[in-house]
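Here's a walk through one protein model, written for someone who likes to know the cut-offs behind the words. Have a look at the structure, then read on.

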Amino acid sequence: MKLSEELVLARSRASDIESVRKLNCWGSDLSDVSILKEMRNVEVVSLSVNNITSLEDFTNCRNLQELYIRKNQIANLAEICHLRQLPKLRTLWLADNPCAVGDRYRMTVLKTLPNLLKLDNIHVSSDEVNDAIEQGIELILPGEIPKRKTKTPRKDTPPKDPATLTLEETNKIREELGLKPLPSEKISPNKSIRSGSRQRNANLVQAVLCILKELDPESLEMVGNAVRNRLDSL
């Protein structure tokens with residue numbers, strides 16, 4: 001049976017659909033309640049003991065505060081996702097539907113609708129909502145894209161201390177600078193450099209390597225000549 005405008009106005013005693021604030025059609029054998037899409041101002045709806053299978057028609061009821069819809073035929077708990085955009089909804093009675101089963105049923109509803117103050121005629125505490133957010137199942141409607149967890153940005157690895165570079169790492173840097181590799185006897189394991197100087201050198205090396213990747217062949221040749229002249233003066 002379809003919920004008609006005539007039945008809505010007769011039950012609510014309102015003059016028009018937009019004026020309806022409360023609607024009680026308990027036990028009316030209803031299966032089609034699409035007229036709710038036009039009832040933007042309704043605040044309390046009682047549709048328990050009917051044959052309703054979906055909550056999609058409630059999406060536009062932005063002023064809805066209380067919804068009583070127990071003992072219907074709602075089989076998929078994800079249907080409550082249609083209620084997520086109702087900012088004033090505080091009371092929901094969904095018990096005795098096929099979807100209202102399982103150990104995590106209540107936690108899942110509260111995870112999806114954390115602003116509820118009463119669920120299935122039981123008051124909701126803030127601690128219960130916090131637990132539900134952690135333990136409830138994340139529901140999505142068909143066609144929806146699941147939310148992705150935001151990854152913590154990876155911190156850049158700090159420049160490596162030149163004093164701790166291996167021979168292989170040192171020669172790799174020299175190779176990129178166009179210099180000959182150092183033989184193993186040239187590397188002193190006990191070489192000591194002040195920490196401030198070490199950090200400065202490390203930063204300079206990293207900066208040089210980054211710049212090298214951006215230079216053209218002519219510029220690289222100029223850099224190579226400058227490096228060789230510097231080494232000859234040491």
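## Salt bridges

A salt bridge here is a side-chain nitrogen of Lys or Arg within 4 Å of a carboxyl oxygen of Asp or Glu. By that rule, the side chains of arginine 70 and aspartate 96 meet in a salt bridge, 3.9 Å from N to O. Arginine 70 lies in the loop between β3 and β4 and aspartate 96 in the loop between β4 and α2, so this pair ties together parts that are 26 residues apart in sequence. Before going further: this is a predicted model, where local features need pLDDT of at least 70 and side-chain atom pairs count only at pLDDT 80 or more, while totals for chains, interfaces and linings use all residues. Residues are numbered from 1 along each chain as its sequence is written, and side-chain values use heavy atoms, with hydrogens and water left out.

How many salt bridges does a search of the whole structure find? It finds 3. Another one joins aspartate 57 to lysine 37, with the closest N and O atoms 3.7 Å apart. Aspartate 57 sits in the loop between β2 (44-46) and β3 (66-68), and lysine 37 in the loop between β1 and β2, so the pair links parts 20 residues apart in sequence. Then there's arginine 106 with glutamate 128, whose closest N and O atoms are 2.5 Å apart. Arginine 106 belongs to helix α2 and glutamate 128 to helix α3, so this pair ties together parts that are 22 residues apart in sequence.

For accessibility, buried means under 20% relative accessible area, exposed over 50%, and partly exposed in between (1.4 Å probe, protein chains only). Aspartate 57 is buried at 15%, while lysine 37 is partly exposed at 39%. Arginine 70 is partly exposed at 22%, and aspartate 96 is partly exposed at 49%. Arginine 106 counts as buried at 18%, whereas glutamate 128 is partly exposed at 22%. Across the protein, buried residues make up 32% of the 234 residues.

The protein has 6 helices and 6 strands, and along the sequence they follow the pattern α-β-β-β-β-α-β-β-α-α-α-α. Helices (H or I, at least four residues) and strands (E, at least two) are DSSP runs, numbered from the N terminus.

An open sheet of 6 strands runs in the order β1-β2-β3-β4-β5-β6, with mixed pairing. β1 (22-24) and β6 (122-123) stand at the edges with a single partner strand each, so one side of each has no neighbour in the sheet. Two strands pair if DSSP finds at least two bridges between them; β5 (residues 118-119) and β6 pair in the antiparallel sense over 2 bridges. In that pairing, leucine 119 stands opposite isoleucine 122 of β6.

Helix α2 (residues 105-112) is mostly covered, with 7 of its 8 residues buried. These are Tyr105, Arg106, Met107, Thr108, Val109, Leu110 and Thr112. What covers them includes β4 (91-93), β5, β6 and α3 (126-135).

A nonpolar core is a set of buried Ala, Val, Leu, Ile, Met, Phe, Trp, Tyr and Cys residues joined through side-chain atoms within 4.5 Å. The largest such core has 47 residues, and Phe58 and Leu92 have the most contacts inside it. Two or more residues come from each of α1 (5-12), α2 and α3, and α2 gives the largest share, 4 residues.

## Who touches whom

Contact means heavy atoms within 4.5 Å. Leaving aside neighbours within four places in sequence, leucine 92 is in contact with Leu67, Ile69, Leu83, Val109, Leu113, Leu116, Lys118, Leu119 and Asp120.

Serine 48, found in the loop between β2 and β3, counts as buried at 3% relative accessibility. With neighbours within four places again set aside, serine 48 is in contact with Cys25, Trp26, Gly27, Tyr68, Ile69, Arg70 and Asn72. Among contacts in the protein between residues at least 6 apart in sequence, 44% join residues at least 24 apart.
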